[in-house]
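The following exercises concern a single protein model. Please work through each task with the structure at hand before reading its solution.

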Amino acid sequence: MPFLDKLQLWADQRPHDTAVVVGSSRLNWAQLRDTAAGLLENAPATTVLAEPNSTGFVARYAAAVAGERRCAVLDPQWPESMIDELASRLGEGYAVPGMTLADGDPATTFLVGLTSGTTSVPKAFTRSRRSWQASFEASIEFFGLSRDDHTLAPGPLSASLNLYALSECLYAGSTFHALESFDVGDAHCAIVHHGITRLVLAPTMLRLLSERGLAGDVDASGIRSIVCAGSKLDGRTLEAARRWAPRAVIYEYYGASELSFVSGTRLGAGEPLDIGGTGIGRPFPGVDVRILDDDGRILADGQHGNISVQSDMVSNGYLWGDDGHALRCLDGWYTVGDQGFLRDGVLHILGRRSDMIITSGKNVYPHEVELALASVPGIEAAVAVGAPDDLRGERVVAGIVPAYGAVTATQLRTGLDGLLARDKWPLQFYVMAALPMTDRGKISRKVLLDWIKNHDPRVQLLG
């Protein structure tokens with residue numbers, strides 16, 4: 001793992017400076033180095049970590065990737081049977097004694113990533129030490145991470161966004177903060193009392209912290225940067241974040257677990273957001289982006305196709321679960337099947353081809369419908385899907401969660417005017433009492449379709 005040599009350096013140069021804070025527990029650089037080194041004797045060739053956030057987790061993670069060991073970080077909330085199945089497949093193996101806390105061969109695997117798929121067992125892919133070192137160099141440059149930053153990633157360290165933020169800070173010598181479990185009040189306390197200068201989080205979490213921070217008069221003036229990923233920022237979230245943290249530069253980026261960073265954008269104070277739009281910035285440092293058809297041919301500016309990349313950050317591929325489409329190589333260009341287009345150097349994302357709705361011969365991506373609906377005032381969240389239709393093949397329908405009070409279909413159509421082409425508007429709207437989720441906690445369009453088909457009380461048709 002490419003942060004261990006750096007960890008040794010920071011421990012030698014700044015032994016008493018704080019390295020990691022989780023809840024009320026903290027480790028300085030010397031303590032983190034020594035604690036991790038003390039765990040090496042019993043660290044196996046492959047470690048499976050499935051536990052809540054703690055400073056102990058950080059030390060075990062560091063030991064688990066020393067030398068040429070590898071680590072798989074699993075969500076501790078997954079069913080125990082699934083965790084046992086994954087541990088069995090990975091084979092924790094024998095202890096590797098006598099090795100120092102140092103980085104191994106850059107070409108070797110250090111991380112086994114797990115990503116959800118259509119089967120009950122997550123797909124497993126691997127990352128090399130070299131690929132994450134390239135990612136660190138690119139993200140530190142793009143996000144402007146400095147040694148005096150205090151980064152708070154308030155979500156679980158088992159999530160790739162937060163695990164990467166931790167690793168990036170260890171590489172940069174920058175203090176990292178996490179919570180034992182997500183709580184808005186605890187996050188606000190950390191921001192105020194620990195001098196947080198940088199947030200790394202998903203847009204939904206940013207909206208919660210911003211809106212409740214404004215209501216509770218929580219001072220966020222010390223936050224200099226906010227890094228968002230997981231979904232595109234909507235206008236309401238951006239407005240709340242800028243009012244709450246007026247000095248912050250806001251970054252959003254697109255990437256995939258198998259590809260790492262692909263593109264990103266920087267929004268300085270007062271800069272406009274492409275409300276309801278699909279643009280997600282320009283290629284990340286060190287990344288070349290092309291739009292290719294299924295035969296690997298380059299498509300012209302504005303034409304839709306496979307978002308394909310070349311970079312040193314791409315993963316090694318899958319241990320299991322690859323159906324031939326999860327990660328494809330088109331003449332040296334890698335794609336995970338996300339569809340999009342380039343226009344004037346800016347990448348626009350439309351979503352996965354498998355999600356595409358074909359209605360009256362026209363292709364409509366649920367992602368672009370959802371982005372537009374999320375920008376309509378009074379909408380908390382939206383999910384779009386294609387429902388069977390005898391006349392059109394499929395018709396676009398959408399479920400919405402109101403932010404407050406009641407909403408009408410007329411209000412929604414009025415709000416969409418100018419944000420989305422009329423032939424992509426949903427023909428029916430449903431109010432959802434809750435978001436349609438899978439057993440593994442992911443929003444599911446199929447679940448919404450099942451609710452509609454079965455007249456589930458959690459969805460009500462708007463007139």
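**Exercise 1. Identify which residues form a nonpolar patch on the surface, and locate Ile443 in the chain.**

Solution. The model is a predicted one. The surface patch consists of Leu435, Met437 and Ile443. Taken together, these residues have about 250 Å² of accessible area. As for location, Ile443 belongs to the loop between strand S25 (428-432) and helix H12 (445-453).

**Exercise 2. Determine where the partners Arg198 and Glu168 lie, and whether they are buried or exposed.**

Solution. Step 1: Arg198 and Glu168 form a salt bridge, with 3.1 Å between the closest N and O atoms. Step 2: this pair links distant parts of the chain, since Arg198 is in strand S9 (residues 198-201) and Glu168 is in helix H6, 30 residues apart. Step 3: both Arg198 and Glu168 are buried.

**Exercise 3. Explain how Arg89 and Glu85 are placed in helix H4 (residues 80-90), and classify the accessibility of each.**

Solution. Step 1: the closest N and O atoms of the salt bridge between Arg89 and Glu85 are 2.7 Å apart. Step 2: because the two residues are four apart in H4, Arg89 and Glu85 are separated by about one helical turn. An α-helix has 3.6 residues a turn, so residues three or four places apart point the same way. Step 3: Arg89 has 42% relative accessibility and therefore counts as partly exposed. Glu85, with a relative accessible area of 33%, is partly exposed.

**Exercise 4. State which residues are joined with Asp34 into one salt-bridge network, and classify Asp34 and Arg33 by accessibility.**

Solution. Step 1: Asp34 forms a salt bridge with Arg33, the closest N and O atoms being 3.0 Å apart. Step 2: Asp34 is partly exposed, at 46% relative accessibility, whereas Arg33 is buried, with a relative accessible area of 18%. Step 3: the model contains 22 salt bridges. Through shared partners, salt bridges join Asp12, Arg33 and Asp34 into one network.

Conventions:
Residues numbered from 1 in each chain as written. Predicted model: local features only at pLDDT ≥ 70, side-chain atom pairs only at ≥ 80, totals over all residues. Heavy atoms only, no water. Patch = residues over 30% accessible without salt bridge, like charges linked within 9 Å, V, L, I, M, F, W, Y side chains within 5 Å. Areas by Shrake-Rupley, 256 points an atom, 1.4 Å probe, with all protein chains shown as cover. Salt bridge = Lys/Arg side-chain N within 4 Å of Asp/Glu carboxyl O. Buried < 20%, exposed > 50% of the residue type's maximum accessible area, 1.4 Å probe, protein only.
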